[in-house]
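Hi there,

Here is the structure I promised to pass on to you. Have a look at it first, and then read my notes below.

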Amino acid sequence: MTHKTALVLGAGGFIGGHLVKRLRREGFWVRGVDLKAHEYSETQADDFAIGDLREQDFVRSVIDRRFDEVYQLAADMGGAGYIFTGENDADIMHNSATINLNVLETCRRRTIKRVFYSSSACMYPEHNQLDPDNPNCAEDSAYPANPDSEYGWEKLFSERLYLAYNRNHGMQNRVARYHNIFGPEGTWDGGKEKAPAALCRKVATTANGGKIEVWGDGKQTRSFLYIDECLEGTIRLLRSDFQGPVNIGSEEMVTINHLADMVIGIAGKDLRVSNIPGPLGVRGRNSDNRLIRKMLGWAPSRTLQAGLERTYTWINTQVEKRHNSKRT
Ligand code: NAD
């Protein structure tokens, strides 16, 4: 029996690591590629190439055949503490754009027709996200463009690149705009972690009666999508007739202070929230799932609570492991 083949770029990262597992479960032969091995679990990829996708020769060496499915998730990215401070702007734009330019052109030369590209809700205009109760993230609100970060501008450029290859080179690339994906086996410390993981870590490491710090006034709103549903949407989009761009996110919008309270509740701890200045991003953001429902006949439906419970359990275990290893 010949297996279908898949290429996952960014397989050493959070979403890519989970995607490799999912595709292996479906019976694919999978090649993973990343700058680094996965931090939290041994890869299940049949073949894992470590190298830099900014290097054309390396890209040509890993895209050496017509894979049945290609997922391009590699990017220079992180949470608010990485993408909103301004200190990493040149790297973010240069590194991610170079990866996308290299990967897409190499796929075209290999006559690979279809590449999945993970854009981000960060490409939506800031002026539509000033009201925390009524953010507008409908796909057609993207223009006139005005993302609030260089990370968002690079995503917008690359979205357009993938769609330009569809128009000019007969490709069928698929573009999704992810909204805050979270779950186990994601970055939870070190400065690149995002709000759910950072809050889980703070709650797990703070003793009863203490306080955890939350950036901003905590009234900024977001929605968070659990990893399994992100993968479901990703795979459905790649295999569909719809090119996107389309949101893959949750419509369950919460304030960051509420998110902190949910994590505290899951941990069963007695903690206070202390709001402090910090890098923030837009005031409000929520996924708008009308288009995905219409085009794919599917949209995420799991509750935030269920995903947070699993994520907290995993991060709490990581915290305990680290604590124990320091003692021995
Ligand atoms: P991640 O940082 O965990 O994974 C990205 C991976 O890309 C990392 O393992 C990194 O080492 C790899 N990479 C970076 N530069 C590379 C290079 N030059 N060569 C090879 N590999 C390189 O991030 P993630 O959360 O898994 O996100 C995956 C994709 O989804 C990214 O494109 C990201 O921008 C997008 N996205 C994620 C979210 C989210 O909430 N996680 C939201 C919107 C968009």
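This is a predicted model: local features need pLDDT of at least 70, side-chain atom pairs count only at pLDDT 80 or more; totals for chains, interfaces and linings use all residues.

The protein chain splits into domain 1 (5-181 + 226-248) and domain 2 (185-222 + 252-276 + 302-323). Their C-alpha centres are 26 Å apart, and the contact draws on 21 residues from domain 1 and 19 residues from domain 2.

How much area do domain 1 and domain 2 bury between them? The figure is about 1600 Å², with 55% of it on carbon and sulfur atoms. On the domain 1 side, Tyr40, Pro132 and Tyr226 provide 36% of the area buried against domain 2, more than any other three residues.

Four salt bridges are counted between domain 1 and domain 2, and five residue pairs are in polar contact across the interface. The elements that contribute two or more residues to the side of domain 1 touching domain 2 are α1 (14-25), α3 (80-83) and α7 (227-238). Sorted by class, that side of domain 1 holds nine nonpolar, seven polar and five charged residues.

Lastly, the helix: α5 (residues 150-169) has 20 residues and spans 28 Å from its first C-alpha to its last, close to the 28 Å expected. After α5 comes Gly170, with a positive phi near 65°.

Methods
Residues are numbered from 1 along each chain as its sequence is written. Side-chain values use heavy atoms; hydrogens and water are left out. Helices (H or I, at least four residues) and strands (E, at least two) are DSSP runs, numbered from the N terminus. The expected span of a helix is 1.5 Å times one less than its number of residues. Domain bounds come from an automatic or database domain assignment. Contact means heavy atoms within 4.5 Å. Buried area is the accessible area (1.4 Å probe) that two parts lose on being put together, summed over both. A salt bridge is a side-chain nitrogen of Lys or Arg within 4 Å of a carboxyl oxygen of Asp or Glu. A polar contact is a pair of N or O atoms within 3.5 Å; within protein, one must be able to donate a hydrogen and the other to accept it, and residues adjacent in sequence count only if both atoms are side-chain atoms. Ala, Val, Leu, Ile, Met, Phe, Trp, Tyr, Cys and Pro count as nonpolar, Asp, Glu, Lys and Arg as charged, and the others, Gly among them, as polar.
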